[in-house]
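Work through the exercises below with the structure in view. Try each task before reading its solution.

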Amino acid sequence: MKQGNGTVPRIGVYVCHCGTNIAGNVDVKAVVDFASKLPGVVVAREYKYMCSDPGQSLIKNDIREKNLNRVIVASCSPHLHEHTFRHATLEGGQNPYLFHMVNIREQVSWVTEDKMSATEKAKALVEAAVYRVRYHEALETKEVPVNPDVLIIGGGIAGITAALTLANAGKKVYLVERDYSIGGHMAKFDKTFPTLDCASCILTPKMTAVKDHPNIHLFTYSEILEIDGYVGNFTARILKKPRYVIEDRCIGCYVCVEHCVYKTPKFPSEFDEGLGLRKPVFIPFPQAVPLIAAIDPETCIEFKSHRCKKTCQEACRDLVGRDAIDFTQREEVVEVQVGAIIVATGFKTFDARRIPEYGYGRYPNVYTSLEIERLVNSSGPTGGEIVMRDGRKPRRVGIIHCVGSRDRNFNPWCSRVCCMYSLKLAHLVRERTGAEVYNFYIDIRTPGKGYEEFYEKLMQEGVHFIRGKVAEVTDWTITPEETGKLVIRVEDSLVGVVRRIPVDMVILSVGLEPRDDAEEVRRQLNISCSSEGWFLERHPKLAPVSTFTDGIFIAGACQGPKDIPDTVAQAGAAAAEALALIDRGSVELEPNIAVIDEQKCSGCHVCIALCPYSAIAFNEEKNVAVINEALCKGCGVCVGTCPSKAITQQLFTDEELLAEIEGVLLV
Amino acid sequence: MAYVYYPGCSLKGTGVSYEKSLLATFKRLNIPLQELDDWNCCGATSYMSISEEQALLLSARNLALASENDGDIIAPCSACYMILNRTANILRDDRTLRQKIVEKLKNVGLEHLNLSVRVRHPLDVLVNDVGLDTIRSAVVNKLTGLRVFPYYGCLIVRPGNGFDHPTYPTSLDRLLEALGCEVIDHPLKTRCCGGSLTGTLEEVGVRLVYILLKEAKKRGAHTLATLCALCQFNLDVYQEKAARKYNEAFDFPILFFTQLVAFALGANPRDIGLEHHFVPAEQVFEMVR
Ligand SMILES: Cc1cc2nc3c(=O)[nH]c(=O)nc-3n(C[C@H](O)[C@H](O)[C@H](O)COP(=O)(O)OP(=O)(O)OC[C@H]3O[C@@H](n4cnc5c(N)ncnc54)[C@H](O)[C@@H]3O)c2cc1C
């Protein structure tokens, strides 16, 4: 064994049971016995929960009493408790970077079936650490100030709530929404469960508050191009897409829309889920924030042929005197500096075409729940009247639950809101049309305040509930009663028979899915996704809105399916976490950065060109490269490429890594 | 691309018009189709449930024979298609079973069992290898105005075999469209034809036949296009019984899809086996001529 960095190492090794998480599958005592005989180890101990107060005290006391100068804890992932134990080391009187953590839970006990091999692997990893720590050196952390401004991505109810909370606390917020208006899915609903309060009555005031708040800078029809930097000091480049209407001139008066060369709306309105029509120049919905017109170049004649009479532009100029329409508008890139980022990009609904046996897209009277939300909405395409695509009013309606959810062929998860919104839609449809409504469900899941009571109320109202997964929706009819209707074929699993229920209208309660671009957003922000594509929280119970990237928080349905109450609660939590970070004022930076040995540097410039973060400059006087500590991310590219081996990376020096390998191979 | 043709028992028996029209189709497309030499039963029938290993051996012998040639196997009968695919899947996954079968095949002089040989349905080959554009441009007798009820049956789209969606397949629809047919969309594409129930539980079998015929009639079809010898047999032969039992007149020619393809590509109607049908099938082609 090599001698390390000069000081004679006095190592303490602490092996954690983590209850039975580790001890159930690793012979902890054997690991401790093994560790106690390794060179340099002064003390080796086991403890049930090393992260507990008494556990940490063991470390602190041993440092003081046994003069330890290196500490190793073999327990869970460093993501969870590296900080805890570094802090304990510091409190014991040693530099926190003389501590090293070994993960024998996620990487050993949880993933190794055989106890013998698990124990052997734990020993090997501990030995690797014992060899490694002798090369550890005391390192200094750098404190950098935190920029007090916050970026929020996504302007659904999650982003809106977080923005208002932060802005009310006096922080400056940049809210970036991809669509023409903020509001997200909630803006499309008529009523919300379980209280059936009017969605726009509770949402619109918040949307307007966002627009009017002096601390909120709203970017709509905008996207994030790039995020750079680190906790406390991020730079975001925001792309403002052209809407061909000058924002601060438009007053949302609709005159341009009225004067469009298309006398009547002709193109499917995205906001109305294609059930209503709009013109090429349009305002997505009457409560839109900002209430500003936009021109869609895909359908506008001027963009297609340059031959339009441009009556909209003329009307805006001559009748309103605003001259807000600008066909030459270009996209624009804006750069902002922030200290924290909240991601609130929400979800998308399951594409019902993926289950062709439910007939969506083939039978006009099969609808998705989101379409029905528009149909029952008093500001929707039918003014709230429920008429089907063929102009009839439904007399019998079937609502199919769990479309795409809890299904191994599609998404295994429960989408959590569909039972409740199905009940809501059942109530609204019944109330508006008097139709007989059937719910087809696997299980009814109504855990929430007032939710079970709402279910009870619907049963009282006479809505039918049939337990069974629907096999198909078909226009294969066999009785006179079925003629002209859609038939829902289902095994009624409470009665034990296969039933055919004829209905006029089918509503598919589509589940919630991660957005198509979730992976892209994840990569931009360097955060993690679960295998399904939901953004991953740092800890499912104890850090539900933090991510593994410091300074970036998540809120709302982008983290997993959830209803509005949960979304709003999470958005508040994310805002509070961001506030905590900002009000601390500064953050400590991990010292895992590259350092250049000026003696060895030959001034060849190779590293400068390769650094992905432009963190390396050149000092002409000394003829050496210089690393900017604040910009260096510790990626190691320069370390690997330096021809003179002049660059090392703190916490990952060659000596440390080679000793670690030596240790792991020795067992 | 070369193909090995595995007829199975039905294309030499009740489904002989399937064979004739299949061969005519491939001939019109100039695609060589070599019949597998010395083939045997695919292992369907009740053998599977009595002795699975023997049945697999029987089936695997065909795969071993085909391993001598290169090229995919074409198995037009849905049962053969399913069983041969299933055999290859089972043997790929189960090493012990595979070794046993390989040993036994060696005893009869078959040294080589290539489990990566692909077993294909001719519908798959026509739509996905030959391609609809090629077919569309090869059509000489466009089937304009012929209203066809496409019927897939239960076997070829089973999950795991599939070249198409298991509950709502569309390949046959698209192929028929390429021939100029008016294709009827309907929800019974993969519903049971009665299978062997027509022989064992006639009442149930005939009811299932009736459901399909009735729906095709209701939707104004001139004919039903099938792609399985048993489906064709049930719908053709039991048509009269269904009519009597349910007191409803049917006069539905039940065609193999290959008969429509071959005819459209210019084959002589005398070469596509129309004479083997119970319900006279010539009327369909007179209609388009
Ligand atoms: C049919 C249906 C009915 C429902 N009814 C109810 C109900 O009655 N009560 C209830 O409590 N819940 C209901 N829900 C659930 C409710 O929709 C969600 O809880 C809520 O919308 C989640 O809000 P959010 O802000 O997280 O996401 P979203 O509403 O999806 O908002 C996300 C926003 O982010 C924007 N965005 C996305 N990606 C980007 C990006 N990369 N850059 C910039 N912006 C981006 C989007 O345009 C959108 O505006 C229902 C859901 C459905 C499907």
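**Exercise 1. Find the salt bridge.**
Which residue forms a salt bridge with B:Arg219?

*Solution.* Start with the partner: A:Asp475 forms a salt bridge with B:Arg219. Next, the distance: their closest N and O atoms are 2.6 Å apart. The rule asks for a side-chain nitrogen of Lys or Arg within 4 Å of a carboxyl oxygen of Asp or Glu. Across the interface of chain B and chain A, this rule finds 1 salt bridge.

A word on the source: this is a predicted model, where local features need pLDDT of at least 70, side-chain atom pairs count only at pLDDT 80 or more, and totals for chains, interfaces and linings use all residues. Residues are numbered from 1 along each chain as its sequence is written, chains are lettered from A and ligands numbered from 1 in the order written, and side-chain values use heavy atoms, without hydrogens and water.

**Exercise 2. Describe the interface.**
How many residues does each chain give to the contact?

*Solution.* Chain B gives 11 residues and chain A gives 11 residues; contact means heavy atoms within 4.5 Å. Now take the area: about 900 Å² is buried between chain B and chain A. That is the accessible area (1.4 Å probe) lost on putting the two together, summed over both. Carbon and sulfur atoms give 50% of the buried area.

**Exercise 3. Locate polar atoms around the ligand.**
Which side chain has an N or O atom 2.7 Å from a ligand oxygen atom?

*Solution.* The side chain belongs to A:Lys424. Then turn to the backbone: a polar atom of A:Ala557 is 2.8 Å from a ligand oxygen. For A:Ala158, a polar backbone atom lies 3.0 Å from a ligand oxygen.

Definitions and conventions:
Polar contact = N/O pair within 3.5 Å; in protein donor to acceptor, adjacent residues only side chain to side chain.
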